[in-house]
Amino acid sequence: MKSRQQRNLCFLTLVSFLSASSSPAGGVQIRLAGSGSTQCSGRVEVNYRGVWGTVCDDNWDVNDAKVVCRQLNCGTALSAPQSAQFGQGTGKIWLDDVACSGNEGSLSECQHGEFGTHDCEHSEDAGVVCSGVRLAGSTRCSGRVEIYHNNAWGTVCDDSWDVKDAKVVCKNLNCGTALSAPQSALFGQGTGKIWLDEVACSGSEGSLSACQHRGFGTHDCKHSEDAGVVCSVRLERPNISLTSPDGGLVWSPGGAEITEAYSFVFTCSINSIYSGGRFFLIFSGSNTSDSKPAVNNSASFEFPVAEYEHQGNYSCVYEVVLSTRIFSSTETAQINVVIKFPLLLLASSVAAGILVLLLLVLLVVCLVRRKRQQDTKHLPIIFSQVAANHYEDDCDDDYENVDQEYIAKKLNGSVEEDDDNDYEEPESDEDHDYEDAGPGVNYVKSEDVCEEDNREDEEEEEEEESSDDENDYENVTPEFHEQIVDIYDKDEDIYQNF
């Protein structure tokens, strides 16, 4: 019986040993040590199988430091020092090539080589610097100041608390510059320990514990005097995206082309640790903006019907209010929106425009041809008028060659009769067709002869009008042709038909 119990005890011991060897992470502890180390900063050491050893700095970065600071409850990871910044350790080097994502609960959960397998020296020991401070009651960069000491979090009394003290806290938290140092438990009263009182920092210290103070746990305060800080907020640059639920969006080198009357949606988003806040959609085309509250760090701006006034550049800005202060992000890259015609409407508009143009051209051609026909129809009348004027001018011209001086003397009776005159005065007007016009002067036609000539001209004109157009101009004299040319020079279209 006794031997059976001994065998069972040996079996349980062996199983326990094998279990511990197969899952070493379950029993791994972690601490910070070395020269200048504090409870939340120093050389990283892990305990494996009861032996403390260091971590090699191959691939060591701030994501690994985040896991260490979280595991130690030391607040935010500020840096991940390498090359034994806190001095070289001794003994084992347990871990090498650690690769954490930053979300793991402990260092043993991160990817790494087997315990004890490495190619490092202690000159490559890894370290961390954690803030050892946190802000409660508000946001990551504003709130009630709490520090970690003796494995417990406690508050700071606001006696002598000012912006220089806040500057050290903001620097510890990597939250930018200190904007204010609120007092009298502005962010609510804490519980538990009050670790520091009468803090007097110069602003250049690396942590609150390095500033002058009365000593940890020594104070004459209550939690109604808890100190706080407001640090400037570093907001990431938001993202902006554009979609069209109706499928009216086409991306081109010039930007986003959206078909008229289609809907489109802008979505603004940001990776932020802050809840709430607002997004502003800025439209440069009209220098206006629209705002919506952030829901799960994003907001959507819908346009049910695309219209031409929507053309322009769009961008997003994120704002958050912390401790009555407004913090704004940088503006996103702009998206250029162009509203375009639907293809079918564009084609029909072009076709209608071409049809109207053809109708106008046809109308102009018809009007020109009609004008030319009318001008050609009036052409014989113009010729007849010109011909009549020509013959009348001939009749009048017959008297232009009469010696005006001689006629005047004849009428006054001052012309002497000369028997030797080469010209004899006709016995009567009825017997002679021509009157004596005086010496050296051509005979002129009498009125009867002129009238007879005019009658003959009218008869000839009637014969010419009844003849073909080609024969209307056979007997035109050079002088008459020149008159016709003058007339047609005034009307180029008529002259061309002539």
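This note comments on a sheet, the aromatic pairs and a surface patch of a predicted model.

1. The sheet. Three strands form an open sheet in the order E13-E16-E19, and their pairing is antiparallel. Strand E13 (239-243) and strand E19 (298-303) are the edge strands, each pairing on one side only. From one strand to the next, the twist averages 15 degrees.

2. A pairing within the sheet. E13 and strand E16 (residues 264-269) are joined in the antiparallel sense over 5 bridges. Ile240 stands opposite Cys268 in E16.

3. A tilted aromatic pair. The whole structure contains 13 aromatic pairs. The ring centres of Tyr148 and Trp153 are 5.1 Å apart and the planes are at 55 degrees, so this pair is tilted. Both Tyr148 and Trp153 are buried.

4. An edge-to-face pair. Trp195 and Phe216 have ring centres 6.4 Å apart and planes at 70 degrees; the pair is therefore edge-to-face. Trp195 lies in strand E11 (residues 193-196), while Phe216 lies in the loop between E11 and strand E12 (228-231), so that distant parts of the chain, 21 residues apart, are linked. Trp195 is buried, with a relative accessible area of 6%, whereas Phe216 is partly exposed, with 32%.

5. An aromatic cluster. Phe264, Phe266, Phe283, Phe303 and Tyr314 are linked into a cluster by ring pairs.

6. Val365 belongs to helix H4 (residues 343-377). Its relative accessibility is 40%, and Val365 therefore counts as partly exposed.

Methods
Residues numbered from 1 in each chain as written. Predicted model: local features only at pLDDT ≥ 70, side-chain atom pairs only at ≥ 80, totals over all residues. Heavy atoms only, no water. Helix = DSSP H or I, 4+ residues; strand = E, 2+ residues; numbered from the N terminus. Buried < 20%, exposed > 50% of the residue type's maximum accessible area, 1.4 Å probe, protein only. Pairing = 2+ DSSP bridges. Axes fitted to C-alpha atoms, helices over the stretch in contact; angles between N-to-C directions. Phe/Tyr/Trp six-rings, centres within 6.5 Å; stacked < 30°, edge-to-face > 60°.
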